[in-house]
Amino acid sequence: MKYTEEHEWLREEDGLIVVGITEHAAEQLGDIVFVELPEAGTEVAKDDEVVVIESVKAASDILAPIDGEIIEVNEVLADSPSKVNEDAIGDGWFFKIKPSDPSQMDDLMNEAAYLKFIG
Amino acid sequence: MSEPLRQTPLHALHIELGAKMVPFAGYEMPVQYPLGVMKEHLHTRNKAGLFDVSHMGQVVVWPKSGEYEQAALAMERLVPVDVAGLGEMRQRYGMFTNDAGGILDDLMLANLGNHLFVVVNAGCKQADIEHMKAHLSDSCDIEVLDDRALLALQGPAAETALARLQPAVTDMKFMDVARDVDIAGINVVISRSGYTGEDGYEISVADTDAVALARALLALEEVEPIGLGARDSLRLEAGLCLYGHDIDTKTTPAEAALGWAIQKVRRAGGKREGGFPGADVILPQLIEGASRRRVGLRPDGRAPMREGTVLFAGAEGGEAIGTITSGAFGPTIEGPMSMGYVPADLAAPGTQVYGEVRGKRQPAQVAALPFTTPNFKR
């Protein structure tokens, strides 16, 4: 598992990268009430705003962690955004992306580095 | 904000309970406890929640004659509500107005027999106290009770829970006030009121007794501590205004749909018509209607339309018609909800308007307020 400074996690699965936010991020955001996901087939570049999260506190943007094509999104979140709070690193995933440059993954933090990052 | 944040007498208890503290109106206040905003909100609607509202200003207006009526009539020079007609040990909602008809603050007014007791918003209290001193001192003495805390116990189980400590609270009706009431051995002033749309009580207590009282209430199995986050979504579901957001010096009571708080006796043709700041603006608006009006809005979908969202009549083009003044997700109604101002001809429930969220106009329907059915014991 890899991590970004934007508190996203990335996990490789069958040649695709599954992306979500960390438990730490979900806890900081508070109860999540709405998640707006991109459409499958969208080409995104690193740092594009791809997901909007609304919690009981505020709206937050989630940036694309790498370049690639969105292959699948977690439709369950449309009706059950609280899945992100309940299982951020499992059922609360956001989208699966096909990386156009897999070497971008090498620039991201590993778990030890991320834990140090959030202190 | 260079001044250090003030603390309420319950500050250490909030920390002990695991609260996340934030600055609010010059005070360090609990925004949420470990339960979280959503569950705290639902707990209050289903059982009972305890809120620390000690940051609010508690002020006594002492009539120099010793007669309540003198304080009431003096206060009527500052507010458009019927203060003199308020029964003994009864309370009502009101607002201070300015000469333009705008709202300086909203407040609660209570007739405690030999004096008038008012509770004002934390953010406005210094200005309110100056305002009262400047205009009431000829006939009244203004005493600020800065040595008292204020707790609110809200929710459908508030009565049953509190009655185990003091059975007499069940006899109180909505907006009744009682003093020298003993709760868990502590002397309090209590009213059957609140700002969540639920039945419940507000309890004024000496700051030295506040922690003991809060602990006694939290020991009741129905009661959980509730932070400002849930207080905001509860009052918004209940259609209640937050000063500085939904109402301010630029909104009149008629525009704010608060005409219900202005009794006949103070209106045109009433026995004590007018005589408050801005009466020449407010009284005609109550008859003819204001050109814009505060309404409830239900955005389509799940995304909240938050404060500051600009409203339009159509999906494309046209000038802005108004702005959202409060917006959040309503845990009880399980959807987004907002309040805002729209032109009077677009204020009917069911009217479709559009709010611009992240550059896109999203539909919302004008909805009747409150969003949830109030649960008061009248």
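Which residues line the largest cavity? In this predicted model, the lining is made up of Leu10(B), Leu13(B), His14(B), Leu17(B), Tyr33(B), Leu50(B), Phe51(B), Asp52(B), Leu218(B) and Pro225(B).

## The largest cavity

The rule used here gives a count of two cavities of 30 Å³ or more. The largest cavity has a volume of about 60 Å³. Sorted by class, its lining holds eight nonpolar residues, one polar residue and one charged residue.

Two elements of chain B, helix 1 (11–16) and strand 3 (48–52), each give at least two residues to this lining. Strand 3 of chain B has the largest share, with three residues.

## The second largest cavity

The volume of the second largest cavity is about 40 Å³. Its lining consists of Met29(B), Pro30(B), Phe51(B), Asp52(B), Val53(B), Ile226(B), Gly227(B), Leu228(B) and Arg231(B). By class, these are six nonpolar, one polar and two charged residues.

Strand 2 (27–32), strand 3 and helix 7 (228–237) of chain B each contribute at least two residues to the lining of the second largest cavity.

## Where chain A meets chain B

How many residues does the contact take from chain A and from chain B? Chain A supplies 15 residues and chain B supplies 12 residues.

The size of an interface is often expressed as the accessible area that is lost when the parts come together. Between chain A and chain B the buried area is about 1,200 Å². Carbon and sulfur atoms give 48% of that area.

## Salt bridges and polar contacts

Two salt bridges are found across the interface of chain A and chain B. One of them joins the side chains of Glu54(A) and Arg358(B), with a distance of 3.1 Å from N to O. The count of residue pairs in polar contact between chain A and chain B is seven, with both residues at pLDDT 80 or more.

## The chain A side of the interface

Which elements of chain A give two or more residues to the side that touches chain B? They are strand 4 (32–36), strand 6 (49–55) and helix 2 (76–79) of chain A. The residues on this side of chain A divide into eight nonpolar, two polar and five charged.

Terms used
Residues are numbered from 1 along each chain as its sequence is written. Chains are lettered from A and ligands numbered from 1 in the order in which they are written. This is a predicted model: local features need pLDDT of at least 70, side-chain atom pairs count only at pLDDT 80 or more; totals for chains, interfaces and linings use all residues. Side-chain values use heavy atoms; hydrogens and water are left out. Contact means heavy atoms within 4.5 Å. Buried area is the accessible area (1.4 Å probe) that two parts lose on being put together, summed over both. A salt bridge is a side-chain nitrogen of Lys or Arg within 4 Å of a carboxyl oxygen of Asp or Glu. A polar contact is a pair of N or O atoms within 3.5 Å; within protein, one must be able to donate a hydrogen and the other to accept it, and residues adjacent in sequence count only if both atoms are side-chain atoms. Helices (H or I, at least four residues) and strands (E, at least two) are DSSP runs, numbered from the N terminus. Ala, Val, Leu, Ile, Met, Phe, Trp, Tyr, Cys and Pro count as nonpolar, Asp, Glu, Lys and Arg as charged, and the others, Gly among them, as polar. On a 1 Å grid over the protein atoms alone, a cavity is a set of points where a 1.4 Å probe fits but cannot get out, and a pocket is an open set with protein on both sides within 12 Å along at least five of seven lines; lining residues have an atom within 4 Å of a point. Grid points are joined across faces, edges and corners, and a volume is the space filled by probe spheres set on the points.
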